[in-house]
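Have a look at it first, and then we can go through some of its parts together.

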Amino acid sequence: MIEFDLARSSVRALNERLHRLTPQTTEVYWRVLNPNGAHAIAVGITEPVQIEIKGHVGYYCAGMNAAGTVVVDGHAGTGLAENIMSGLVRVRGNASQSAAASGRGGLVVIEGDASTRCGISMKGVDIVVGGSVGHMSAFMGQKGALVVCGDADHDLGDSLYEAEIFVGGTAASLGADCIEKEMTQGDVERVAGLLDRACMAADATRFRHYGSARHLYNFHIDHATEY
Amino acid sequence: MCGIVGLFFKRGAATPALGPLLAGMLSQMGERGPDSTGFALYGDPAPAGAFRVTLHAPDDQYDWRALEGELGAAFSFPEPARYYCNHAVLTLGASQQEFFDWLDDGHRELGIFGFGERIEVFKDVGLPDAVARRFDLAHRSGTHALGHTRMATESAVTTEHSHPFSTGLDLCLVHNGSLSNHNRVRQSLRREGIRFATDNDTEVAAGYLTWRLAQGMSLTQALETALADLDGFYTFAVGTRDGFAILRDQIACKPAVLAETGDWVAMATEYRAIATLPGAAGAEIWEPRPATVYSWQRQ
């Protein structure tokens with residue numbers, strides 16, 4: 001276990017050490033102390049190392065994560081796990097706006113609530129939120145699943161492409177071109193699988209399924225003059 | 001960008017803890033607003049029949065003692081005047097209108113940054129640590145305070161265009177964002193008798209609240225009507241004689257974090273400013289919802 005104290009050293013020093021890790025590294029387990037809301041902690045990890053951050057983090061924590069496991073034992077600021085490629089990012093508290101924005105893969109778990117625009121422009125990442133999400137979540141989502149155990153605020157899934165949304169509570173309103181869809185057995189299994197990976201105890205059968213009506217983004221030759 | 005901080009002690013008299021804590025919070029927000037820094041402090045109230053005013057002079061060499069001599073011939077000073085470079089805090093035994101008329105007659109070189117029973121407003125171009133040192137923030141006490149670090153977008157980088165803006169009795173406002181309909185709202189408010197010192201968008205928001213409060217609205221009601229009347233992006237933090245309020249616009253893209261303990265409420269653009277406060281680790285921490293007024297009154 002490597003302990004890295006941000007009260008004694010900089011975020012830049014931490015990230016440089018993490019970036020130098022190779023596939024053969026034995027420095028696999030890390031604990032980061034005194035984050036105190038600092039930005040860009042553990043950004044750009046490319047190896048399957050495990051990092052626990054003891055406290056609240058600022059913006060863009062675990063951004064671009066590939067293969068790493070990052071656990072925030074606190075709340076996270078704007079842009080948690082932005083552009084995550086793979087691996088796991090878990091926040092034990094709440095996450096601010098734009099969590100998992102444009103993520104391409106991997107899993108982001110927020111045990112508390114996520115704020116506005118959670119999963120904005122998601123491109124393949126899976127997101128599981130134990131609490132509720134703010135307005136315009138999954139905005140322009142292209143791929144991946146957003147699973148919300150609580151409620152979703154207004155304009156859920158606005159301008160959605162092919163990301164899929166599952167809500168355990170209620171959605172205040174759906175955004176443009178987002179519609180409720182049938183919750184198939186396959187969907188129940190998909191949600192159950194994600195809840196299991198996220199270590200969340202929730203009944204997958206009670207979730208509702210939302211997706212794109214595909215009226216907004218599909219190109220129709222008949223409407224060519226309207227574009 | 002821009003950074004906002006606010007600290008509000010829920011009870012008790014003015015405490016010397018306020019100044020150093022606010023300075024620490026502001027210091028964390030320097031990267032968000034390197035153009036200018038300002039803060040408003042709420043101290044113990046002026047004696048009955050008197051009011052407190054913060055004046056701004058064009059330069060640090062201004063002869064405050066001469067002004068004090070002139071003022072002494074017209075008004076009483078229930079508390080000693082205090083001078084901080086180009087700022088002065090005066091407690092005067094007079095009505096505000098008498099003093100404003102006196103100032104209009106002979107001292108138009110002076111600006112009024114804040115007035116009321118308790119408020120003091122300090123602002124200047126520069127980074128927070130330098131501005132805090134300049135106005136001796138570390139040795140200032142109070143019950144609550146707001147601070148701002150500015151990255152200018154809508155108007156010039158000058159002391160007068162810095163936040164906080166105070167347009168009415170003990171009211172001040174700091175703002176992260178930009179308003180798009182401020183010219184039209186300023187025109188309407190001028191017709192209602194609200195005075196503006198600059199072309200700044202945030203000053204319009206402060207003037208708007210002054211106007212609504214003068215109509216008899218509560219601070220919460222005034223902010224709720226602002227949601228319909230002010231167009232643009234904003235996180236506002238507002239201070240009054242005994243109160244403190246936060247409002248974000250409907251889109252809420254301008255960040256804000258609130259924290260509360262049994263003793264205090266703190267607001268900041270980023271958590272790292274709150275992390276400097278004693279007890280922050282055990283505070284309840286949340287993000288204010290869009291288009292929702294949060295307010296506190298001192299007990």
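Chain B has an average pLDDT of 94, and 100% of its residues score at least 70; pLDDT is the predictor's confidence in each residue, from 0 to 100. This is a predicted model, in which local features need pLDDT of at least 70, side-chain atom pairs count only at pLDDT 80 or more, and totals for chains, interfaces and linings use all residues. Residues are numbered from 1 along each chain as its sequence is written, while chains are lettered from A and ligands numbered from 1 in the order in which they are written.

Within chain B, confidence is highest in helix H1(B), at a mean of 98, and lowest in strand S9 (residues 165–168), at 88. Helices (H or I, at least four residues) and strands (E, at least two) are DSSP runs, numbered from the N terminus. For the model, the scores are ipTM 0.87 and pTM 0.91.

## A helix on the inside

Start with H1(B), which covers residues 18–28: nine of its 11 residues are buried, so the helix is largely enclosed by the rest of the structure. Buried here means that 20 or more other C-beta atoms lie within 10 Å of a residue's own; 12 or fewer makes it exposed, anything in between partly exposed, and C-beta atoms are placed from the backbone. Among the buried residues are Leu18(B), Leu21(B), Leu22(B), Met25(B) and Leu26(B), along with Gly19(B) and Gln28(B).

What do the buried residues of H1(B) pack against? Their partners in chain B are the strands S1 (3–9), S2 (36–42), S8 (144–150) and S14 (264–268), plus the helices H4 (128–134) and H8 (271–274). Contact means that the C-beta atoms of two residues, placed from the backbone, lie within 7 Å.

Strand S8 of chain B is also where you'll find Arg150(B). Arg150(B) has 26 other C-beta atoms within 10 Å, so it is buried. Setting aside neighbours within four places in sequence, Arg150(B) touches Cys2(B), Gly33(B), Asp35(B), Ser36(B), Ser162(B) and His163(B). Arg150(B) and Ser36(B) are 114 residues apart in sequence, yet 5.2 Å apart in space, C-alpha to C-alpha.

Pro164(B) sits in the loop between S8 and S9 of chain B.

Next, follow helix H6(B) and its two partners in the table. Axes are lines fitted to C-alpha atoms, for helices over the stretch in contact, and angles run from 0 to 180 degrees between N-to-C directions.

| Helix pair | Angle | Axis distance |
|---|---|---|
| H5(B) (residues 182–191) and H6(B) | about 40° | 9 Å |
| H6(B) (residues 201–214) and H7(B) (residues 219–229) | about 130° | 9 Å |

H6(B) and H7(B) are therefore oblique to each other. Angles under 35 degrees count as roughly parallel, over 145 as roughly antiparallel, 65 to 115 as roughly perpendicular and the rest as oblique. H6(B) passes H7(B) in a right-handed crossing, whereas H5(B) passes H6(B) in a left-handed one. A crossing is left-handed if the near helix is turned anticlockwise from the far one by less than a right angle, and right-handed if clockwise.

In the H5(B)–H6(B) contact, H5(B) brings His182(B), Val185(B), Arg186(B) and Leu189(B), while H6(B) brings Asp201(B), Val204(B), Gly207(B), Tyr208(B) and Trp211(B). By class, that is five nonpolar, two polar and two charged residues. Ala, Val, Leu, Ile, Met, Phe, Trp, Tyr, Cys and Pro count as nonpolar, Asp, Glu, Lys and Arg as charged, and the others, Gly among them, as polar.

## Over to chain A

Where the chains meet, chain A gives 12 residues and chain B nine. On the chain A side, those residues are one nonpolar, 11 polar and no charged.

Are they buried or exposed? Ala62(A) is buried, with 33 other C-beta atoms within 10 Å, but Arg214(A) is exposed, with 12. Ala62(A) lies in the loop between strands S3 (50–54) and S4 (69–72) of chain A, and Arg214(A) in the segment after strand S11 (208–212).
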